[in-house]
Amino acid sequence: MQRKKLLVNILFAVVILAAAALLFRLRDAGKDTTLPLKAQLVYGDKNTVLDLPLDVDKTYDVDTGYLTVHIEVKDGAARFVDSPCPDHICEGFGWLTLEDQTATCLPARAVLAIVPAD
């Protein structure tokens, strides 16, 4: 009885892991990973868009109309740095490097995302 229960549990774990692996592979299906990427900051009440090239190391200071956010681009990655917001959650997202990764600063009404370059 114990042996049968153990085999059922192992089989269940294998099925779950196989399903997770399949979903992980399908997640990136259809994305062209050869396209160059850029960082894009969407901010303010008018959803102003600022494109930031990832191949130029630079720090950007952007007044969103609520707060001034500081974006650092370095080595093909982008992040919020030294945020003036009260909780600094946006800084906790860390470096964004992959397509569709995002970080949000709600008090500044700003979203930083990695998107394909045009």
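Colleague: Which strand does lysine 58 lie in?
Modeller: This is a predicted model, where local features need pLDDT of at least 70, side-chain atom pairs count only at pLDDT 80 or more, and totals for chains, interfaces and linings use all residues. Numbering runs from 1 along each chain as its sequence is written, and side-chain values use heavy atoms, leaving out hydrogens and water. Strands (E, at least two residues) and helices (H or I, at least four) are DSSP runs numbered from the N terminus. Lysine 58 sits in residues 58–63, which is strand E3.

Colleague: Which residues is lysine 58 in contact with, leaving aside neighbours within four places in sequence?
Modeller: Contact here means heavy atoms within 4.5 Å. Isoleucine 71 is 13 residues from lysine 58 in sequence, with 8.4 Å between their C-alpha atoms. The contacts of lysine 58 are Ile71, Glu72 and Val73.

Colleague: Is lysine 58 buried, partly exposed or exposed?
Modeller: Buried means under 20% relative accessible area and exposed over 50%, with partly exposed in between (1.4 Å probe, protein chains only). Lysine 58 has a relative accessible area of 44%, so the label is partly exposed.

Colleague: And aspartate 82, buried or exposed?
Modeller: Aspartate 82 is found in the loop between E5 and helix H2 (89–92). Not counting residues up to four places away in sequence, aspartate 82 touches His70 and Glu91. Its relative accessible area is 61%, so aspartate 82 is exposed.

Colleague: How far apart in space are aspartate 82 and threonine 68?
Modeller: In sequence, 14 residues separate aspartate 82 from threonine 68. Going C-alpha to C-alpha, the spacing is 10.0 Å.

Colleague: Zooming out, what radius of gyration does the protein chain have?
Modeller: The radius is taken over C-alpha atoms, and the globule rule is 2.2 Å times the number of residues to the power 0.38. The C-alpha atoms fill a box of roughly 65 × 35 × 25 Å along the principal axes. A compact globule of 118 residues would come out near 13 Å, but the protein chain has 20 Å.

Colleague: In what order do the elements run from the N terminus?
Modeller: The protein chain has two helices and seven strands. Read from the N terminus on, the order is α-β-β-β-β-β-α-β-β.

Colleague: Where is confidence lowest?
Modeller: pLDDT is the predictor's confidence in each residue, from 0 to 100, and the protein chain averages 89. Strand E5 (residues 77–80) is highest, at a mean of 97. The lowest mean, 83, belongs to helix H1 (residues 2–27).
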